[in-house]
Amino acid sequence: MKITLLVSAFNGLTQGVYVALRDRGFLVNVTYAINPTQMQEEIEAFNPQIILCPFLKSYLPKEIYENYPTFIFHPAPIGDRGAYSLDYAVFNEEKFWGGVWLRANALYDGGDIYASGHFEMRESYKASIYRQEMLRVAVGSLDELFVNIEQENATPQILNPIHKPFTQAMRAIDWQRDSTDEIIKKINFSDSLPGVLDNIGGVACYLFGVWREDKLGSEVLTSQNGAKVPLPKTILAKRDGAICLKTVDGAVWISHLKELNRFKLPATYVLKDRIKGVKEDRLPLLFDKSYATFYETSVEYRDNVAYLCFNFHNGAMSTAQCIRLKYAVEYLKTQCEVLVLVGGMDFFSNGIHLNILEDSQKQGEDGWANINAMNDLIKSIIFADEIVTIASFGRNAGAGGIFLGLACDYVVAKEGIVLNPHYKTLGLTGSEYHTYSLPKRVGEERARALLDACLPISVESAKELGMVDEVFAHDGYYEKLHSFAKSKFDDDFIWDKQEFLEENEERIEALKEEEIAVMYPEFWDEDSPFHTLRREFVYKHCPQQTPPRLKVRGALEERSR
């Protein structure tokens, strides 16, 4: 079957649907919804049997949905209509939510329902629910969608009123009145778009990434002996790029800010000199999670296994974060027999930190430092010769984050996870020892094909290629992961690993040196495409055309007929 994905962006949900369709053997062509003429021309050129719209922000011309069966994924249960669905779900503290595939017609979200799914809401921010639960609903209901399309079986949409736009006035924080819980909720239903507009330290900006703080706020509230109590919104502390703000009944951490007409950055990068004198409230390298606060790296021990979590915002890893993670790996080598890299809440890792590089006054120098810090981290994993290392792709990963995982002895993944094993869309050739780790698993020819295609793949496909060793179901994933991990330590394996690394250390290091020699001008040359492509990515520039890599090649299309 020929399917067009008509989308506003090739985001995580779109990619999840894309790889699921390709794994089913469908011929999938992507068209960006840029303007009506362009959409119609691209669709007519491919002539799909159906059109799916997993992420669409613009109205469809009737010439499309009247001539092609077109189905839109709406991130809400039956009866919900309009934008801001998840905003309202988090705002209203819904206990259950869901998503539907509906047939496009002249009514806004008014077409018949052809497939649906539901889930129990968890307490988190909007983007996290979209990236995890909503993605599973969209992909998990595809089979139902195709069966019902074939059988012409549909349920009429309940034509409730379209809910009103969610305005900044509704999101605004009243720091003199709003409780900590209310502030957390407001930021959560606004993250990752559009954020909560505020003014911090004299800077008009949007707020993202909120964490409850148990100690600092309560300590201030109980101040005695005439100690001056800071007013709400006072910056109490800073840590690893985040700032801690006083609330009327405690405190919260805000990890990221976005100035107007700028891009998202760690809060301290935005405030800069405005927070001189604010104390750095440090945590141990690996936080034990004994109280609520902002942290990025933590560890859990179970049997002979240490699980290293690194919850870096959007999976981006700055120089400082890479260095801290390397120290964590080096320490944990002495504390366990098996080390599992878990990654973060919503991403395993996406490689170097492009937003910080874009903000830098010394982009070449800081980019060079970032890639070398990433390489130092990966070297510590590859040459961890007294323990077994395992990467857990329990969340999506891309670019250097993929090769951070492939540095491990074993790679395990959760079903439905999407991997983007490439660099070129940002004008980079990449390092992270990928010329060693990827061919080692898939061979030289397949490695080049993956890097050149610049396409996402499912972990199921990755297993077929040899990139991934095991794929476990979503339900019970972490128990299956633990059973796998605790069984992998073996003296014979460790001896063989040590012998292999001793024999191949020079070759492995030589491959890395070749990688960074190629990357050097990509960071330092002023006319390097990396600078333009990075800027477009960071500022989220709207594309002027559908990327050619997402189009089905003519020869392939002809063979499929």
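Student: Which helix is Glu506 found in?
Tutor: First, know that this is a predicted model, where local features need pLDDT of at least 70, side-chain atom pairs count only at pLDDT 80 or more, and totals for chains, interfaces and linings use all residues. Residues are numbered from 1 along each chain as its sequence is written, and side-chain values use heavy atoms, with hydrogens and water left out. Helices (H or I, at least four residues) and strands (E, at least two) are DSSP runs, numbered from the N terminus. Glu506 sits in the run of residues 491-524, and that's helix 19.

Student: Is Glu506 buried or exposed?
Tutor: Accessible areas come from the Shrake-Rupley method with a 1.4 Å probe, and for residues only the protein chains shown count as cover. Buried is under 20% relative accessible area, exposed is over 50%, and partly exposed lies in between. Glu506 has a relative accessible area of 72%, so this residue is exposed.

Student: What sort of surface patch do Glu337, Asp490 and Glu506 belong to?
Tutor: Patch members have over 30% relative accessible area and no salt bridge, with like charges joined within 9 Å and nonpolar side chains (Val, Leu, Ile, Met, Phe, Trp, Tyr) within 5 Å. A salt bridge here is a side-chain nitrogen of Lys or Arg within 4 Å of a carboxyl oxygen of Asp or Glu. Lys and Arg count as positive and Asp and Glu as negative, leaving out His and the chain ends, and each charge is placed at NZ of Lys, CZ of Arg, CG of Asp or CD of Glu. Along with others, including Asp491 and Glu499, those residues form a patch that is negative.

Student: How much accessible area do Tyr59, Tyr108 and Ile162 have together?
Tutor: Tyr108 is in the loop between strand 5 (96-103) and strand 6 (113-120). With a relative accessible area of 32%, Tyr108 is partly exposed. Together with Tyr59 and Ile162, Tyr108 makes a nonpolar surface patch, and the area of the three is about 330 Å².

Student: What is omega for the cis peptide bond that joins Leu193 and Pro194?
Tutor: Look at the loop between helix 8 (180-188) and strand 7 (196-200), where you'll find Ser192. Asp191 and Ser192 are joined by a cis peptide bond with omega about 25°. Pro194 lies in that loop between helix 8 and strand 7 too. For the cis bond between Leu193 and Pro194, omega is about 0°.

Student: Tyr84 is not a glycine, so what is its positive phi?
Tutor: You'll spot Tyr84 in the loop between strand 4 (70-74) and helix 4 (85-91). At 34% relative accessibility, Tyr84 is partly exposed. Its phi is positive, at about 65°.

Student: How many disulfides does the count come to?
Tutor: To count as a disulfide, a pair of cysteine sulfur atoms must be within 2.5 Å. Take Cys408: the closest cysteine sulfur, in Cys336, is 11 Å away, so a bond is ruled out. By that rule, the number of disulfides is zero.

Student: And which cysteine has the sulfur nearest to that of Cys53?
Tutor: Cys53 is buried, at 0% relative accessibility. This residue is in no disulfide, and the nearest cysteine sulfur is 17 Å away, in Cys542.

Student: Which residue meets Glu93 in a salt bridge?
Tutor: Side chains of opposite charge can pair when their charged atoms come close. The count here is 27 salt bridges. One links Glu93, in the loop between helix 4 and strand 5, to a residue in helix 8 that is 92 residues apart. At 3.6 Å, N to O, the partner of Glu93 is Lys185.

Technical notes: Buried means under 20% relative accessible area, exposed over 50%, partly exposed in between (1.4 Å probe, protein chains only).
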